[in-house]
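The following note sets out numbered points for the reader to consider alongside the coordinates. Each point takes up one topic.

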Amino acid sequence: FASNPQDIAFLSAAKAYVSRTETNPNPTPELEDFDDGGDVLVLDLNEGTMVSRIDMHPYVDESTIPRPVGFAMADHHVWVALANLARDFQSAGPGTVVAIDSATDSVAHVFTIDGLVNCGNLALAPDGTGLWGTCNGLFAEGGDQQRQRSGLFYIDLTGSEPVLAWTRSGDAL
């Protein structure tokens, strides 16, 4: 299947994550062939092999596929935005951002960006205190709806736990 890799995050000289946007509609039952998609692959760069995968399907609606897109590294986590779009791109679930603990390769935090959809780009604030993200909206809905469901968000990383602190729709911008 066309896995559509989107981004890579280097955790060390020996380890990296790769986001795979597409989900295989007919994966084999074998887990070791890594043909599921909709995930973050864990790579061993020294061996040039896939070691494991972090499934993103549990963090989106059942009517959509996760479509992990962009990474940002912050607060001892690798953050990934999930576009959360239907296979035919005609509908979307809420914007979703997942934080992965790179020491355990497990999901540590999940944020739902209510009102915004099709999120993909993430960036660490210059001072390292927060994470900014963008959402594109759903183009299939037409201009007015797309502007309302596109926008920006900010996750504050200064407390003991990250907090979704701010969102603005494309209309407000």
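Helices (H or I, at least four residues) and strands (E, at least two) are DSSP runs, numbered from the N terminus. This is a predicted model, in which local features need pLDDT of at least 70 and side-chain atom pairs count only at pLDDT 80 or more, while totals for chains, interfaces and linings use all residues. Residues are numbered from 1 along each chain as its sequence is written, and side-chain values use heavy atoms, with hydrogens and water left out.

1. Helix 1. Asp-144 and Arg-147 both belong to helix 1 (residues 143–148), where they stand 3 residues apart, about one turn of the helix. Their side chains form a salt bridge, with N and O 2.4 Å apart; the term denotes a side-chain nitrogen of Lys or Arg within 4 Å of a carboxyl oxygen of Asp or Glu. As to accessibility, buried means under 20% relative accessible area, exposed over 50%, and partly exposed in between (1.4 Å probe, protein chains only). Asp-144 is exposed, at 52%, and Arg-147 is partly exposed, at 38%.

2. Other salt bridges. Salt bridges with shared partners connect Arg-20, Asp-39, Arg-53 and Asp-55 into one network. Within this group, Arg-53 and Asp-55 meet at 3.5 Å, N to O. Arg-53 is partly exposed at 22% relative accessibility, and Asp-55 is partly exposed at 29%. The structure holds 8 salt bridges. One of them joins Lys-15 to Asp-105, whose closest N and O atoms are 2.8 Å apart. Because Lys-15 lies in strand 2 and Asp-105 in the loop between strand 7 and strand 8, this pair ties together parts that are 90 residues apart in sequence. Asp-105 is partly exposed, with a relative accessibility of 23%.

3. Aromatic pairs. Rings of Phe, Tyr and Trp (its six-membered ring) pair if their centres lie within 6.5 Å; planes under 30 degrees apart count as stacked, over 60 as edge-to-face and the rest as tilted. The count by this rule is 4 aromatic pairs. Trp-79 and Phe-111 form a stacked pair, because their ring centres are 6.1 Å apart and their planes are at 25 degrees. This pair links distant parts of the chain, with Trp-79 in strand 6 (residues 77–82) and Phe-111 in strand 8 (residues 106–117), 32 residues apart. Both Trp-79 and Phe-111 are buried.

4. Trp-132 is partly exposed at 35% relative accessible area, whereas Tyr-154 is buried at 14%. Ring pairs link Trp-132, Tyr-154 and Trp-166 into a cluster.

5. Thr-96, in strand 7 (residues 94–101), is buried at 1% relative accessibility. Contact here means heavy atoms within 4.5 Å. Not counting residues up to four places away in sequence, Thr-96 touches several residues, among them Tyr-59, Val-80, Leu-82 and Phe-111. Gly-130, in strand 10, is buried at 0% relative accessibility. Leaving aside neighbours within four places in sequence, Gly-130 has contacts that include Ala-123, Tyr-154 and Leu-157. The C-alpha atoms of Gly-130 and Thr-158 are 7.2 Å apart, although the two residues are separated by 28 residues in sequence.

6. Positive phi values. Most residues other than glycine have a negative phi, and most peptide bonds are trans. Which values of phi call for a check by eye at Asn-4 and Phe-34? Asn-4 has a positive phi, near 55 degrees, and Phe-34 has a positive phi of about 55 degrees. Asn-4 is in the segment before strand 1 (5–10) and is partly exposed, at 34%. Phe-34 is in the loop between strand 2 (15–23) and strand 3 and is buried, at 12%.
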